Amino acid sequence: MPAVAKQQQQQPPAQTPPAQPQPPAQAAPPQFPAATTARWPAPADRAHIGKSIKRLDGPDKATGRAKYTYDIIRPGMLYARLLDSPHPSARVRSIDLSAAEKLPGVRAAIALKGPDNPATSKVMYQGEEVAAVAAISEEVAQDAIRLIKVDYEVLPHLATVEQSMRPEAPLVFEKGNTREPTLQQDGDLEAGFKAAAHIVEGLYSTQVQTHTSLETHGGICEWNGENLTAWVSTQAVHATREGTARALNIPQTNVRVITDYMGGGFGSKLGGDVQVVICARLAKLANAPVKLLLDRKEEHLVTGNRPSAFAKIRAAVDANGKLLAIDAETWGTGGAGQGSNFPVPYQVYVFSSRRQRHKDVYINAGPQRAFRAPGHPQSCFVTEIVMDELADRLRLDPLELRLRNLPPEAENAQWERYFKMGAEQIGWSKRHPTGDSVTGPIKRGMGCAANRWGGSGTNRSRAACQIHPDGGVVMQVGTQDIGTGTRTLVAIVTAETMGLPIESVRAAIGDTNYPWAPGSGGSVTAPSVTSIVRVAGDAALQQLFAKVAPALKVADPSTLVARDGRVHVASDPKTGMTWKEACKLIGTDPIDAPATWQTGLSATGTSGVQFADVEVDIETGVTRVKRIVCVQDCGMIVDKLTAESQCYGGIIMGLGFALFENRILDRNTAQMVNPNMEWYLVPGMSDIPQIDVTLVDQPTRGVIGLGEPPVISTAAAVGNAVANAIGARVRTLPLTPAAVLSALERERAGGTL
Amino acid sequence: MPSKRKDEPGFSRRTFLKTVGAGGVAVGVIVPADVAEAQGTARALGPGPVPVQLNVNGRAHKLEVEPRVTLLDALRTRLDITGVKRVCDRGACGACTMMMDGKTIYSCSTLAIEAQGKTIRTVESLTQGTVLHPVQQAFCDRDGLMCGFCTPGFVMATVALLEQNPKPTAEQARKALDGNICRCGTYVRVLEAALNTSARGPRAALEGSAEGAAARERAGVGPREQGKDARRG
């Protein structure tokens, strides 16, 4: 996924431990000539930034007034349904739409696969789209789907990585069932193992997790001649326009994408989705607006997932607790034809040498997509569990082992400080050595883990700010609010810049008619959008000052400021005029200031740590997380309230990854056995422990995204806490009762530690 | 939770689907006993559209839908009442939570025809003009919402809880809200909102409503002690 690649480039190179591979250097951002140089106000002068500000669209969401794509009804709108392949691997010999087309109420039916074109004759996973129908109601569309006759030639399939990796496996994927391994190596591995006081070896794994966005993928397409308007549940309006136009072979300028509200994406909605393209084709054929949104089962099957991860590890440490070497053979599956890479070790701790050989394994399941911190939770789990195992061998406090192997402290490398803060909060000094010796079945334990992220701004971001003669301010930026609070951030920064209350500015987002902004992935949105909004607001304000200066008999407009609803000379608040009076001087045409990127308003590189306190019942294997302590930074905080919510949300999603979530495929049929919400378990209210979030503000740094970092460390911290509680090591996720009991069984039989 | 009627005897969508089977395009439906009784005769309904009368948020709506259409879909696609959402479509996530005769239901798992003669309340009933219901206000104040897709369902579940139990403990509130799923992870602040609404006591709207009074009577909760109104936020 593009977002992944982008993110990897944004890792802060200065903080990368020297023994590990340097990410490819990012090209120097082009410097645009700027009329002004925008800066953030000094921390003491900030009216809104950094405070806890309620999200602007809260009332619309809480009352049900907010219209999501799912809620929009266009005049004369038809409803579409898809026919999905029931087979994980098959060739479509023929599709007969005639009975469906004849059903009263059906307005359009199209085949999406067929024997004529080799590129579209095969299905590679259960749920892949085969045909589509648009009808006057969803019920009629569903009936029509049942009338479509498809003749499949069922082909061999691969349901698990083990099946794909077997030498005798049938060749299901044309270029091979696995990809040639990639090799990354740094430092003298052999010397590292030779000097080792202790070596830990083990196989570690994490499961496939689906995004489970509550609003499913899809949209509404409406043609007006050759122009297409699409309301889409997407986290990237501009990328959706590009992708949809490309797939339909029409000019991008003919496509407008609108996303006013959307019900979650988590990385799965970053581009022109096939559902929208199908919807547009049906709308064209039927000559009417068409709504196509997936059902829950389709959402699980086809809209992406976090790839599984397997890691066979050998790691060495010397007698002083210095990490010497880590040798990893890794593999995983991102489904049909997709990658599954994750770095080992996780790039927080410094190993003197390392080697990783990674192999992508393909199976007949829906392809992976970027999922909140792609690669990181897997990488963090594997590495942090190994860290605790090494500490146990050394009979050293695992926190101490971590502190001895961190890179030098820097703005974007604060782990030492945060580890100490978190340890203090959770009461780490009371942690017992591995294996709770208390009598009775309930064992208590603690664990910890670190995380890092890039999250810098995108220099292609654009925005435009209008100030109207009646005092109204509109900030247009083609971003979208996926629930993180982007709309509110736009308003906060605009209001801060104009010296106005937040309610008196309008944030215009979620529409490709507004200037380009990046997709909401890689935690780039907050830094990109707040930066460009500040620049646009500042440019518009300078134009206003130029009109106001003569009226105030001020020679130099740059001595003016806008504060507390007034425009005045900076040194003399008593002079000047109200904002409304100032705007009257604009004349008839509103000020309209476009903005191009300026560096320095955003920054790169976050640090964070999490601690977990758990209870495990060794008779039932049930793990209850009692408490999570999170210490996290994200540069300059814009809205403390919504930033905290990101941390809560990430931790809760991390708890799902730790304990419950698991896409299960039947090993014989490759059918997903839990494509619903009663067996694909995401955390619910009673699963939530006490969560203590400490957000560390760095008010003199730029803005950094926070969507991803908090999800990374939770599972690793919980995994370490479980081992600390029960005295047996669970090296797989999720930490189900069965996994816990089997680890205890292995421990009794000879040891997991 | 105020019971979700999952175990209530009678006509459920699940049993209906079971009866109809996979190919059940043109199968009639036997009217639920109470509806049939009201109409004085037992007869098959469907498979085509049948007249359905629904009492939603104090207004009577007459519409024609096939018997297989759920209450949720009837409201969303025929009446444009779209506050609550369809997410799991099988009674597992609570995004479709409405109240029927004062009890919360999964409206994705309730047929429109079985909702006839009942009093249905959706999230749209809570707001008076631009004044938010105290529960809605608490969700906004505490940031008990992110993408917001689950929020109307959570709001309904919280309102139902507080109408029956104005002072829930954290444990009671958790249990009452366990039927709702949020993927963004707002639970911590949803719980704060639920407890905060009751702690602050701004429940005149709840207590003033006929539904609220009836619910409290059913739940055996007496009138609130004097003096609490002084703390209305």
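User: What makes H4(B) and H5(B) count as meeting, and which residues do it?

Analyst: From H4(B) come Val135(B), Gln136(B) and Phe139(B), and they meet Thr151(B), Val155(B), Thr158(B), Val159(B) and Leu162(B) of H5(B). They count as a contact because residue pairs qualify when their C-beta atoms, placed from the backbone, lie within 7 Å. Helices here are DSSP runs (H or I, at least four residues), strands are E runs of at least two, and both are numbered from the N terminus. One caution: this is a predicted model, with local features requiring pLDDT of at least 70 and side-chain atom pairs pLDDT 80 or more, while totals for chains, interfaces and linings use all residues. Residues are numbered from 1 along each chain as its sequence is written, with chains lettered from A and ligands numbered from 1 in the order in which they are written.

User: Why is H4(B) called oblique to H5(B)?

Analyst: The two helices pack at an angle of about 125°, with axes 9 Å apart. Angles run from 0 to 180 degrees between N-to-C directions, and axes are lines fitted to C-alpha atoms, for helices over the stretch in contact. Under 35 degrees is roughly parallel, over 145 roughly antiparallel, 65 to 115 roughly perpendicular, and the rest oblique. The angle therefore makes H4(B) oblique to H5(B). By residue class, their contact has five nonpolar, three polar and no charged residues. Nonpolar means Ala, Val, Leu, Ile, Met, Phe, Trp, Tyr, Cys and Pro; charged means Asp, Glu, Lys and Arg; the others, Gly among them, are polar.

User: Why does H10(A) count as roughly parallel to H18(A)?

Analyst: Helix H10 (residues 376–394) and helix H18 (residues 714–726) of chain A pack at about 30°, and their axes are 8 Å apart. That angle is why H10(A) is roughly parallel to H18(A). Among the contact residues are Phe381(A) and Ile385(A) of H10(A), and Gly719(A) and Ala723(A) of H18(A). The contact divides into seven nonpolar, two polar and two charged residues.

User: What makes S4 and S6 of chain A edge strands?

Analyst: Three strands form an open antiparallel sheet in the order S4-S2-S6 (chain A). Strand S4 (122–123) and strand S6 (149–154) each pair on one side only, and that puts them at the edges. Strands pair if DSSP finds at least two bridges between them. S2 (residues 90–96) and S6(A) have six bridges, and Val92(A) stands opposite Tyr152(A).

User: How many residues join chain B to chain A, and which helices supply them?

Analyst: 49 residues of chain B are in contact with 46 residues of chain A. H4 (134–141), H5 (151–164), H6 (170–176) and H7 (187–200) of chain B each supply at least two residues of that side. By class, the chain B side has 25 nonpolar, ten polar and 14 charged residues.

User: Where do the domains of chain B lie, and what joins them?

Analyst: The assignment gives domain 1 (13–124) and domain 2 (126–231); such bounds come from an automatic or database assignment. Their contact takes 14 residues from domain 1 and 16 residues from domain 2 of chain B. Strand S5 (residues 97–100) of chain B gives the largest share of the domain 1 side, three residues.

Key. Two residues are in contact if their C-beta atoms, placed from the backbone, lie within 7 Å.
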